[in-house]
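Trainee: I would like to learn how to read the features of a model such as this one. Please give me the general idea each time, then the case at hand.

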Amino acid sequence: MATPALTENPPMPSKPIARHKPPSSSLASDGVLFLGGALVSLLLVWSFLSFTNPSGGGGLNFSSAAVSSECSGAAHGFDPLHDPPDPTFYDEPEVGYTLGTKIRDWDEKRRRWMELHPSFSPGAKERVLMVTGSQPTPCKNPMGDHFLLRLFKNKVDYCRIHGHDIFYNNVLLHPEMFTFWAKYPAVRAAMVAHPEAEWIWWVDSDAAITDMEFKLPLERYREHNLVVHGWPELIYKKKSWTGLNAGVFLIRNCQWSMDLIERWAGMGPQSPDYDRWGQILRSEFKDKLFPQSDDQTGLGYLIVEEKERWGEKIYMEGEYYFEGYWVEIVGKLERVAERYGELERNRLRRRRRAEKVGEWYGALLEEELRREGAEHGKRGWRRPFITHFTGCQPCSGRHNEAYEAETCRRGMDKALNFADNQVLRSFGYTHPSLLNSSSVVPLSFDSDFPSSSSPPSHN
């Protein structure tokens, strides 16, 4: 199992320009003129057909094509308006979306589907689908639904900026799999519904992305199939149930993952062995506080006891806040914002830009952070990637007794506004303070940035 050095304490739960060449002969010139005239005529016929047959048929609908490129996903190079009649796994009656429905040869089934849908092939190895969700009923906490909306907006913002799809689920896909177990039927169904996605990224509803420019270092995980925030020493040596956190994980869409989810979910409340698993997990992980079987301890058990089958393909990320305990994060967000504000004094970073090119500036920022020696984690001043409000229970309001409800509320306000400022920067605004969620003020940018200047090339 590959793991980086440990840096933190464990958390709680246009058109091309034609180049003119001199004609080689009058015959070639006449040929070019003839072909050009023929092309113009053909385009006119196509335009006529498009006008007279707007529903498609055999004509090319320029109007539809324009809408498609803007709204349907073709802007990403996909062709969502075409699904060939060739049979795929979707036509196999034994293939299902639910847990307990065994899927065999999933890697081959995905490969065949991708062959039949080649427009999805470019960038396939880095394609991520975020999955998140909440309970199907209104929150009991009066502020709960408000915070769930803001936490969802936060995830949508990140996915829009980085080109990820997102699925928000608010129904129980398996009636017996509740609380933290409810995520696994959703992840399993998402793998089947999105064969074009290489990675499924589960993020708990109470987790906020607090570095909008940070990109998942997928290349680091190329030899692994599951990524969680964790500490190998706490799992292997101390067998602590807090040695990892299962509230945020990245899982590859492959057969290995299908099998893992079936094995992992087999410890859940839908299983006849649920009570027995609770006893096993508590006997192996002595610091486990409650008798019921839970997914976090269950994963720890599989890593330790079935290492050869699962452990070697699981990456415990501890180099950055893949998800970080909010208590050790929210108190330093103002200081982190100040340090990043100093980096914004770089003329290029101060430049106004479109949100769509934000990743380019994110890469530029990453270089600056390395030069500055900025570190991740509790002792560093880099933005935490994900701030996880474990124990705050914003929907139910039944927060951990170790902290007060107001502490949770202020912490969520600060983290969400801290992230929102990074988004609003592309729209020209910012919150006046991290505790002011309802007001914004205009940002000032360089008015003397030379119009003839262009940013240096970045590879």
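Mentor: Start with burial: a residue is buried under 20% relative accessible area, exposed over 50% and partly exposed in between, with a 1.4 Å probe and protein chains only. Tyr361, for instance, is buried, with a relative accessible area of 3%. Trp360, at 25% relative accessibility, counts as partly exposed. This is a predicted model, in which local features need pLDDT of at least 70 and side-chain atom pairs count only at pLDDT 80 or more, while totals for chains, interfaces and linings use all residues. Residues are numbered from 1 along each chain as its sequence is written, and side-chain values use heavy atoms, with hydrogens and water left out.

Trainee: How many of the residues of strand β3 are buried?

Mentor: Strands here are DSSP runs of E with at least two residues, helices are runs of H or I with at least four, and both are numbered from the N terminus. In β3 (residues 199-203), five of the five residues are buried, so the strand is largely enclosed by the rest of the structure. Trp199, Trp201 and Val203 are on one side, Ile200 and Trp202 on the other, and both faces are covered.

Trainee: Which strand runs parallel to β3, joined to it by four bridges?

Mentor: Two strands pair if DSSP finds at least two bridges between them. Strand β1 (residues 128-133) runs parallel to β3, with four bridges; Leu129 has Ile200 as its bridge partner. Strand β6 (residues 244-252) is antiparallel to β3, with five bridges, and there Leu250 stands opposite Trp201.

Trainee: What is the strand order in the open sheet of three strands?

Mentor: The order is β4-β9-β8, with mixed pairing. The edge strands, β4 (207-209) and β8 (324-325), each pair on one side only.

Trainee: How are aromatic pairs read?

Mentor: Rings of Phe, Tyr and Trp (its six-membered ring) pair if their centres lie within 6.5 Å; planes under 30 degrees apart are stacked, over 60 edge-to-face, and the rest tilted. By this rule there are 24 aromatic pairs. Trp326 and Tyr403 form an edge-to-face pair, 4.9 Å centre to centre with 80 degrees between the planes. Trp326 lies in the loop between β8 and α10 (333-343) and Tyr403 in the loop between β9 and α13, so the pair ties together parts that are 77 residues apart in sequence. Trp326 is buried at 1% relative accessible area, and Tyr403 is buried at 12%. The rings of Trp360 and Tyr361 have centres 5.0 Å apart and planes at 75 degrees, so this pair is edge-to-face. Tyr158, Trp201, Phe214, Tyr320, Phe322 and Phe385 form one aromatic cluster.

Trainee: How many residues of helix α13 are buried?

Mentor: In α13 (residues 405-424), 15 of the 20 residues are buried. The expected span of a helix is 1.5 Å times one less than its number of residues. From first C-alpha to last, α13 reaches 28 Å, close to the 28 Å expected.

Trainee: Which helix gives the most to the lining of the second largest pocket?

Mentor: That helix is α12, with seven residues. Both α4 (144-162) and α12 (358-372) supply at least two residues of this lining.
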